[in-house]
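Me: I have a structure open and would like to go through it with you. Could we begin with the interior and then turn to the helices and the aromatic rings?

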Amino acid sequence: MSEENKDLGDKAEEAANDFADGAKKTANEFSEGLKNAGGENKKILVGVLAIILGSLGVHKFLLGYNKEGFILLGASVISYALVCLIIGAFLIYIPMLIGLIEGIIYLTKSDEEFYNTYQVGKKPWF
């Protein structure tokens, strides 16, 4: 019986070592993926934020286009203020539409094309 217990113990130890090695490998892959996700290419983050918060220019600030971000933010604030005069109800859709269009454009480009156009080439609009 002791040999059976010894074999069973050896198999358990081997399985534990295999599990530990697999866990380390998975953790390393996860950390590498996490580093790449927050790296230089911000395509998905900027695209989703452009669709959701595009009227506030958040996506422009993340890409480093501060002037364009303030233009969108100012247009939104002015249109919200003019809602009382009814004209703002029509103007409020312009920054939202710009953000939606830019978000769709960002997400449909390839990673390389997005990086070269908006992060290296610094193309501020569309």
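Me: Which residues make up the largest nonpolar core?

Reply: Please note that this is a predicted model. Its largest nonpolar core consists of seven residues, namely Val46, Ala50, Leu63, Tyr65, Tyr106, Phe114 and Tyr118. Helix H2 (43-53) and helix H7 (111-120) are the elements that give two or more residues to this core.

Me: What does phenylalanine 114 touch, leaving aside residues up to four places away in sequence?

Reply: Phenylalanine 114 touches Val46, Leu63 and Tyr106, and also Asn41, Lys42, Lys43, Lys109 and Gln119.

Me: Is phenylalanine 114 buried or exposed?

Reply: Phenylalanine 114 counts as buried because its relative accessibility is 0%, and the cut-off for buried is under 20%. In soluble globular proteins, nonpolar side chains tend to be buried together.

Me: Moving to the aromatics, how many aromatic pairs are there in the whole structure?

Reply: A search of the whole structure finds four aromatic pairs. One of them joins phenylalanine 61 and phenylalanine 70 edge-to-face, at 5.0 Å centre to centre and with 80° between the planes. Another edge-to-face pair is formed by tyrosine 106 and phenylalanine 114, at 5.4 Å centre to centre and with 75° between the planes.

Me: What about accessibility for phenylalanine 61 and phenylalanine 70?

Reply: Phenylalanine 61 has 29% relative accessibility and therefore counts as partly exposed. Phenylalanine 70, at 52%, counts as exposed.

Me: And why does tyrosine 106 count as buried?

Reply: Tyrosine 106 counts as buried because its relative accessibility is 1%. Tyr106 also belongs to one aromatic cluster with Phe114 and Tyr118.

Me: New topic: how many helices and strands are in the protein?

Reply: The protein has seven helices and zero strands.

Me: At what angle do helix H4 and helix H6 pack?

Reply: Helix H4 (residues 66-81) packs against helix H6 (residues 93-108) at an angle of about 145°, and their axes are 8 Å apart. The contact of H4 with H6 comprises six nonpolar residues, one polar and no charged.

Me: Which residues meet there?

Reply: From H4, the residues are Leu72, Ala75, Ser76 and Tyr80. They meet Pro95, Met96 and Ile98 in H6.

Me: Finally, the overall figures: what share of the residues is buried, and what is the accessible surface?

Reply: Of the 126 residues in the protein, 22% count as buried. The accessible surface comes to about 8700 Å², and 66% of that belongs to carbon and sulfur atoms. Among contacts with a separation of 6 or more, 58% are between residues 24 or more positions apart.

Note on methods. Residues numbered from 1 in each chain as written. Predicted model: local features only at pLDDT ≥ 70, side-chain atom pairs only at ≥ 80, totals over all residues. Heavy atoms only, no water. Core = buried A, V, L, I, M, F, W, Y, C linked by side-chain atoms within 4.5 Å. Buried < 20%, exposed > 50% of the residue type's maximum accessible area, 1.4 Å probe, protein only. Helix = DSSP H or I, 4+ residues; strand = E, 2+ residues; numbered from the N terminus. Contact = heavy atoms within 4.5 Å. Axes fitted to C-alpha atoms, helices over the stretch in contact; angles between N-to-C directions. Nonpolar A, V, L, I, M, F, W, Y, C, P; charged D, E, K, R; others polar. Areas by Shrake-Rupley, 256 points an atom, 1.4 Å probe, with all protein chains shown as cover. Phe/Tyr/Trp six-rings, centres within 6.5 Å; stacked < 30°, edge-to-face > 60°.
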